[in-house]
Amino acid sequence: MVKPLDVKPGDVFAFGGTKGFFSWLIRIATWNPVTHVAIVSHMDKDGVPVLIESTTLYDKKSGVQENSLYARLDAYKGLGRAWWCPLTTQTRTALSVPDMQAFLREQVGKQYDYRQVVGVALNSVPLLQRCLNQADYNRMFCPELVSSALKAGGVIPKEWGDSHLTPEGLISY
């Protein structure tokens with residue numbers, strides 16, 4: 001278990017789902033075990049990290065939602081693997097946590113972007129990719145949410161294209 005003092009706002013958690021249609025689709029399309037990413041927004045009153053993520057899983061409706069890191073990891077047991085991707089010291093120093101958190105608060109409740117998942121699956125077909133991977137910030141796909149939050153925090157260039165990212169592509173950055 002990750003200790004609360006180790007995890008900080010801006011850290012990313014990557015998940016490798018082995019169950020569920022969308023996890024299967026992302027895994028097959030990207031040839032990578034990473035199928036989902038979430039970002040630590042803040043600590044709750046007990047010091048437990050809170051993830052903001054856009055997901056179709058868990059015990060809530062799909063879309064952008066807040067989840068306790070520990071509850072999320074416990075719920076993920078048997079569904080796949082999880083990896084902690086802490087920010088580098090340089091990135092953490094440059095991150096404007098208040099700006100990132102303000103952006104994330106505005107996203108909670110937005111719908112999941114199913115079209116982006118299909119777009120990722122069809123990345124090798126340029127015409128379909130252009131049609132399906134259009135930026136639509138009324139709905140969010142998990143890497144789009146996380147990269148946009150890090151952009152808002154000033155650590156990813158503004159011109160970086162969020163709509164074409166895969167979960168693995170984000171954590172490779």
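Helix α7 is followed by Gly-154, whose phi is positive, near 85°; helices (H or I, at least four residues) and strands (E, at least two) are DSSP runs, numbered from the N terminus. The model is predicted, so that local features need pLDDT of at least 70 and side-chain atom pairs count only at pLDDT 80 or more, while totals for chains, interfaces and linings use all residues. Residues are numbered from 1 along each chain as its sequence is written, and side-chain values use heavy atoms, with hydrogens and water left out.

Helix α7 spans residues 142-152 and is mostly covered, with 10 of its 11 residues buried. Buried denotes under 20% relative accessible area, exposed over 50%, and partly exposed the range in between (1.4 Å probe, protein chains only). Among the buried residues of α7 are Cys-142, Pro-143, Leu-145, Val-146 and Leu-150, and the charged residues Glu-144 and Lys-151 are also in this set.

Strand β3 (residues 49-55) is likewise mostly covered, as 7 of its 7 residues are buried. In a regular strand the side chains alternate between the two faces of the sheet. In β3, Pro-49, Leu-51, Glu-53 and Thr-55 point one way, and Val-50, Ile-52 and Ser-54 point the other way. Strand β2 (residues 36-43) pairs with β3 in the antiparallel sense over 4 bridges, where pairing requires at least two DSSP bridges between the strands. Val-40 has Leu-51 of β3 as its bridge partner. The hairpin of β2 and β3 has 5 residues between the strands, and Gly-47 in this hairpin takes a positive phi near 85°. Strand β4 (residues 63-68) also pairs with β3 in the antiparallel sense, over 6 bridges, and Gly-63 in β4 stands opposite Thr-55.

The structure holds 3 salt bridges, each defined by a side-chain nitrogen of Lys or Arg within 4 Å of a carboxyl oxygen of Asp or Glu. Arg-72 and Glu-53 meet in one of them, at 2.8 Å from N to O.

Arg-92 forms a salt bridge with Asp-11, with the closest N and O atoms 2.5 Å apart. Arg-92 is partly exposed because its relative accessibility is 23%, whereas Asp-11, at 0%, is buried.
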